[in-house]
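Look at the sequence and the model first, then read the notes by topic.

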Amino acid sequence: MTGDGTRAVRAGLPEPEAFEPALPGPVFAAHYHLPGDAAGPYTYGRDTNPTWTHLERAIGELESPGSTAHTVAFASGMAAISAVLFSQLRSGDAVVLPSDGYQLLPAVRTRLESYGIEVRTAPTAQDAQLDVLDGARLLWIETPSNPGLDVCDVRRLADEAHRRGALVAVDNTLATPLGQRPLDLGADFSVASGTKALTGHGDVLLGYVSTRDAALVDAVRQWRKTVGAIPGPMESWLAHRSLATLALRVRQQSAGALALATALADRPEVTGLRHPGLPTDPAHSLAVRQMRPGHFGSVVSFTLPDKAHAERFLAALTLVDDATSFGGVRSTAERRARWGGDAVPEGFIRFSVGIEDPDDLIADVLRALDTANADKANTAADAGNAS
Ligand SMILES: *Cc1c(COP(=O)(O)O)cnc(C)c1O
């Protein structure tokens, strides 16, 4: 029995070799010495790379401790998502996507439909995707969903999908493999953007697909080779190096996010507060059953009265960058409606808690909320004076 933190620091490391580093440096190679027959393991840089091998083993160990999972790393989360969808679906197939998932899924939908694939959508909450599953070839789940933080029952959906002959893929970006193990819950694929909490420093784009099925991994690997959406050796190495601190980071982020959500719950101007770790959250009991204790993710979402209020709040923060993405060591927040992609109110804030001391962060947030309220009062007074 090995703890997640222990597993994370050792994951994917090669056997110790005298006078070699614990984690070998990035291998920059477009091609390798290849005398005679074109047999692997390393032949051409779009097919294989030793730095990927170490990282892919590491992620496989985290996604599936105790039973072998194959992992394929990609240049981004979208490359990984596309690899599963486009390697598995054919013209005439049907696929079920979440209606409240990652903001690029509508663009993916358009692309799938242009290839003659039927796309059905339903919300994440209440396992609503079950209602449109009949006859589908693939069920795509995102839980907790981004940015609304709804949760669905992966085990229930996977069992039901398999009963009806569909494959199941889970976007595990928000939870990370330390927060949730989709393959243990019955999914065929665990897919994620490593750009977020997995690498956690906001300096790498990466994605991966993990599966226990050898035929499925072959199809995904063949897709990567064909499309060429390969991760760079430097990015792969940085990602592997970052995994050593994954447990520290996600525990701290999750604890900070719960503390922040608890503080926000008392604020009258905050509505629609969501965080799966919050005992009053509608998704909490399911999250407790399916996610790992104290690992409910870095994201807190909530809504301020309007766009101007949200913008005053974001401008008044000093420890939190107004930036997109989440899961980084430095806290970020953004007014999500500025992208126009998600069905969220104008004042909706997606807040990603970093690894700062929670007390400092909460003090900054409460002060910024006060500033946003006071500025509103001043604006109203000015308007009153003018009339
Ligand atoms: C960011 C994100 C993606 C896309 O990942 P990239 O690395 O930006 O391509 C996919 N799914 C979720 C849930 C995400 O948050």
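This is a predicted model: local features need pLDDT of at least 70, side-chain atom pairs count only at pLDDT 80 or more; totals for chains, interfaces and linings use all residues.

Residues are numbered from 1 along each chain as its sequence is written.

**Domains**

- The chain is assigned domain 1 (4-243) and domain 2 (247-386); such bounds come from an automatic or database domain assignment.
- Their centres, taken over C-alpha atoms, are 28 Å apart.
- Across the boundary, 25 residues of domain 1 are in contact with 31 residues of domain 2. Contact means that the C-beta atoms of two residues, placed from the backbone, lie within 7 Å.
- On the domain 1 side, helix 1 (4-10) and helix 6 (176-179) are the elements that give two or more residues. Helices (H or I, at least four residues) and strands (E, at least two) are DSSP runs, numbered from the N terminus.
- That side of domain 1 divides into 11 nonpolar, 10 polar and 4 charged residues. Nonpolar covers Ala, Val, Leu, Ile, Met, Phe, Trp, Tyr, Cys and Pro; charged covers Asp, Glu, Lys and Arg; the others, Gly among them, are polar.

**Nonpolar core**

- The largest nonpolar core has 99 residues, of which Val95, Leu139, Val168 and Ala169 touch the most other members.
- Helix 9 (residues 246-264) gives the largest share, 8 residues.
- Both domain 1 and domain 2 give residues to this core, so it lies between them.
- A nonpolar core is a set of buried Ala, Val, Leu, Ile, Met, Phe, Trp, Tyr and Cys residues joined through C-beta atoms within 7 Å. Buried means 20 or more other C-beta atoms within 10 Å of the residue's own, exposed 12 or fewer, partly exposed in between, with C-beta atoms placed from the backbone.
- Leaving aside neighbours within four places in sequence, Leu139 is in contact with Val96, Gln129, Leu133, Leu157, Ala161, Ala166 and Val168.

**Ligand shell**

- 14 residues surround the ligand, and the closest are Ser76, Gly77, Met78, Ser193 and Thr195.
- The shell has 4 nonpolar, 7 polar and 3 charged residues.

**Helix 2**

- Helix 2 (residues 50-63) has 14 residues and reaches 20 Å from its first C-alpha to its last, close to the 20 Å expected at 1.5 Å a residue. The expected span is 1.5 Å times one less than the number of residues.
- 11 of its 14 residues are buried, among them Trp52, Leu55 and Ile59.
- The buried residues pack against helix 1, strand 1 (70-74), helix 6, strand 6 (189-193), strand 7 (207-211) and helix 8 (233-243).

**Backbone features**

- Most residues other than glycine have a negative phi, and most peptide bonds are trans.
- A cis peptide bond joins Asn146 and Pro147, with omega about 10°. Pro147 lies in the loop between strand 4 (138-142) and helix 5 (154-163).
- Pro147 counts as buried, with 24 C-beta neighbours inside 10 Å. Not counting residues up to four places away in sequence, Pro147 touches Ser301, Arg336, Asp342, Val344 and Arg350.
- Leu149 is in the loop between strand 4 and helix 5. Leu149 has a positive phi of about 65° and is buried, with 27 other C-beta atoms within 10 Å.
- Gly40 and Pro41 are also joined by a cis peptide bond, with omega about 10°. Pro41 lies in the loop between helix 1 and helix 2.
- Phe19 is found in the loop between helix 1 and helix 2. Phe19 has a positive phi of about 70° and is exposed, with 4 other C-beta atoms within 10 Å.

Terms used: A residue is near a molecule or strand if its C-beta atom, placed from the backbone, lies within 6 Å of it.
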